[in-house]
Amino acid sequence: MTLYDFFKGEGFDFYTGVPCSEIKGFLRDLDEKSPGQHVVAVREDDAIGAAVGAWLGGRCPLVYMQNSGLGNSVNAINSLLLPYQIPVHLLVTMHQGAEHQAFTYATTKPLIDLLGYRERTYFAQKDTLEDSAMIKGPECEERSVRERMQVQLPPFPRLSQEMPWTRKESITRILESYDDGNTVFVSTNGYISREHCALGRGLGFYMAGSMGLAPAIGFGLAFARLDVRVVVINGDGGYLMNLGMNATIAEHRLPNLKHFVLKNGLHETTGGQPLVDVPVVGEVEILEVRQGGDVPPRISIPLQDVAHNLRRALWKAMPSPAPKPFSGST
Ligand SMILES: Cc1ncc(C[n+]2csc(CCOP(=O)(O)OP(=O)(O)O)c2C)c(N)n1
Ligand SMILES: [Mg+2]
């Protein structure tokens, strides 16, 4: 059985990752046979973020990576997948051969064990899985593949640029302007998600850790669910940490995704250390935000409830097969 047939049979219906030659047959199959379910990422942690978004939207995601990409993924596993209990499965290739790969090869499985991620990790070499008997299958409500439903959504309204507002005023204005009952707000870690959570309006995903991945999560959700609008509320620190994701977002041109960056010129949450200026990469709206102001309350909600309740709410809002399935390459 090919890797492609195996994973399809397991019920996976969203695939993303950074390519490795060990699984080139699998990747070719994905491109040929599963348009609308495969996104090539530029970093492995971006892929994990996108997989989280897709899972929130009702998909069963698989993230593939070369073992050298596991190092890029540790924070996403530790501060996103594990605390929110989001069952993203990994396919890690055991690439080896060159001298510089020896250390990575030797530490890949111990690292997965240390992270406590063995039961959701498949290992592969040369387009073949190593024994996968100990891997839990995807825990999805339905194993049948959901089509991406193209639904005519109203365009995003424009936010007027009278500035600068405080962080709280800016977030309030974004929530008020975009909350139509069908919009999910994804906010970056630190003061921004704390403020967003305290304001508690609309459907929300409050990122506690995984700095830099808010746009990846928003992208995965918007990609999986063309019938839902997604607004990402990022900080300039979070944005600068991961500019590559914006290039991926620009390439896919999703009409249902909006990305705001609240620019205060600081890492304000960690005490106000200065930041370099933000370049505009792709479709991003940069809002000047006044420095200082009130410190928002700490988030004290169970993180797994945030993720699982949001997925349930979005699952209920899954369009029935009335709208036309979308098969293009948005
Ligand atoms: C990988 C990682 N590095 C550092 C931190 C510490 N940290 C938390 S919030 C934050 C600043 C975020 O800056 P920005 O996105 O501009 O938001 P602001 O605090 O300015 O509102 C930092 C550096 C972290 N959480 N994760
Ligand atoms: Mg900032």
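Visitor: What distance separates the centres of domain 1 and domain 2?
Guide: The centres are 25 Å apart, taken over C-alpha atoms. Keep in mind that this is a predicted model.

Visitor: Where are those domains in the chain?
Guide: Domain 1 covers residues 3-129, and domain 2 covers 167-316.

Visitor: How many residues are in contact between them?
Guide: On the domain 1 side there are 26, in contact with 28 residues of domain 2.

Visitor: Which elements of domain 1 give two or more residues to that side?
Guide: Helix 3 (44-56) and helix 4 (70-84) do. Helix 3 gives the most, with 10 residues.

Visitor: And how do the residues on that side divide into nonpolar, polar and charged?
Guide: The side of domain 1 that touches domain 2 has 15 nonpolar residues, seven polar and four charged.

Visitor: New topic. What is the order of the strands in the open sheet?
Guide: The order is 8-7-9-10-13, five strands with parallel pairing. From one strand to the next, the twist averages 20°.

Visitor: Which strands stand at the edges?
Guide: Strand 8 (203-206) and strand 13 (285-288). Each has a single partner strand, so one side of each has no neighbour in the sheet.

Visitor: How many bridges pair strand 9 and strand 10?
Guide: Six, joining residues 229-235 of strand 9 to residues 257-263 of strand 10 in the parallel sense. For instance, Ile 233 has Phe 260 in strand 10 as its bridge partner.

Visitor: Which strands does helix 8 touch?
Guide: Helix 8 (residues 214-224) packs on the sheet and touches strand 7 (183-187), strand 8, strand 9 and strand 10. The direction of helix 8 makes about 175° with that of strand 9.

Key: Residues are numbered from 1 along each chain as its sequence is written. Chains are lettered from A and ligands numbered from 1 in the order in which they are written. This is a predicted model: local features need pLDDT of at least 70, side-chain atom pairs count only at pLDDT 80 or more; totals for chains, interfaces and linings use all residues. Domain bounds come from an automatic or database domain assignment. Two residues are in contact if their C-beta atoms, placed from the backbone, lie within 7 Å. Helices (H or I, at least four residues) and strands (E, at least two) are DSSP runs, numbered from the N terminus. Ala, Val, Leu, Ile, Met, Phe, Trp, Tyr, Cys and Pro count as nonpolar, Asp, Glu, Lys and Arg as charged, and the others, Gly among them, as polar. Two strands pair if DSSP finds at least two bridges between them. Axes are lines fitted to C-alpha atoms, for helices over the stretch in contact, and angles run from 0 to 180 degrees between N-to-C directions.
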